[in-house]
Amino acid sequence: MAEKQFTLKVFRFDPDRDTTPHYDTFTVPLREGLTVLEALFYVVEEHDPSLSFRYSCRGAVCGSCAMYINGSNRLACQTQVASLKAATVEVGPLPFLPLIKDLVVEMAPFYEKMAQVRPYLITGDSPPQREYRQSPKERKLLDSVTDCIWCAACYSACPVVWGDREYLGPAALVKAYRFAVDSRDQGGGERLKPTDAEEGLWRCHTVFNCVEVCPREINQTEAIEGLRRRTLKRRLGWK
Ligand code: SF4
Ligand code: F3S
């Protein structure tokens, strides 16, 4: 029986060599369970070792291999070629982040937004003098928002980010919410300052692109709404 194959179209741009980007096309053997990341490895091993892309854990935990795959931001290690149900798989870099080479983008704009909301536990005593206790009920409030892997898929998919590079974006707002609802955190007002500003949570137009692409099934829109409620209560002096 003939070996199954599919066509992989890969975005290419080498700033040292190219003046404009182009796509290279490769024929790749298809086996059950093959992921887009494994298909890229095949290209490197069999066709072109100069192809550049990021990856690390291969288990949808590190967030390094987020790419634009057949019209949507996805993790290459989590996306099985067969699940795309297409004869051709087209892979490009995450849109709207500065391009470095091929599938590699500059993540600094995304990290800078995360840094603005101080994405770590802020407490009064440092170093801690005792463990920080939390009841199961308090911990439950974090369940839906702790899983972010900093992949930037949501940030790159948000149309508000496309038009306004200063907008904090969905991931940073989720991170702010994650600490705002953490009973152990005392960062409150300081952390909410950048979120309750012109480029913060009021900029979100509830487009839901972020929710659609998140590989960890985080509901960014719900978190942003939660943050809005908390911010309004704080403004009104209710909290
Ligand atoms: Fe990635 Fe989801 Fe985190 Fe956004 S919220 S950076 S899509 S894991
Ligand atoms: Fe952008 Fe998500 Fe809001 S896509 S506009 S952050 S709902």
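How many residues does helix H9 have, and what distance does it reach from its first C-alpha to its last? In this predicted model, H9 spans residues 220–235 and comprises 16 residues. The distance from its first C-alpha to its last is 22 Å, close to the 22 Å expected at 1.5 Å a residue.

Both ends of H9 are marked by particular residues. After the helix comes Gly 237, which has a positive phi near 75°. The buried residues of H9 are Gln 220, Thr 221, Ala 223, Ile 224, Gly 226, Leu 227, Arg 228 and Thr 231. Their cover includes four helices: H4 (153–157), H6 (170–180), H7 (188–195) and H8 (209–213).

Thr 221, buried in H9, also belongs to the surroundings of ligand 2. By class, the shell consists of eight nonpolar and four polar residues, with no charged ones.

Strand pairing was examined for S1 (residues 5–12). Eight bridges connect S1 with strand S2 (residues 22–29) in the antiparallel sense, and Phe 11 is placed opposite Tyr 23 of S2. S1 is also joined to strand S5 (residues 88–92), here in parallel and through four bridges; in this pairing Val 10 faces Val 91 of S5.

Note on methods:
Residues are numbered from 1 along each chain as its sequence is written. Chains are lettered from A and ligands numbered from 1 in the order in which they are written. This is a predicted model: local features need pLDDT of at least 70, side-chain atom pairs count only at pLDDT 80 or more; totals for chains, interfaces and linings use all residues. Side-chain values use heavy atoms; hydrogens and water are left out. Helices (H or I, at least four residues) and strands (E, at least two) are DSSP runs, numbered from the N terminus. The expected span of a helix is 1.5 Å times one less than its number of residues. Buried means under 20% relative accessible area, exposed over 50%, partly exposed in between (1.4 Å probe, protein chains only). Contact means heavy atoms within 4.5 Å. A residue is near a molecule or strand if one of its heavy atoms lies within 4 Å of it. Ala, Val, Leu, Ile, Met, Phe, Trp, Tyr, Cys and Pro count as nonpolar, Asp, Glu, Lys and Arg as charged, and the others, Gly among them, as polar. Two strands pair if DSSP finds at least two bridges between them.
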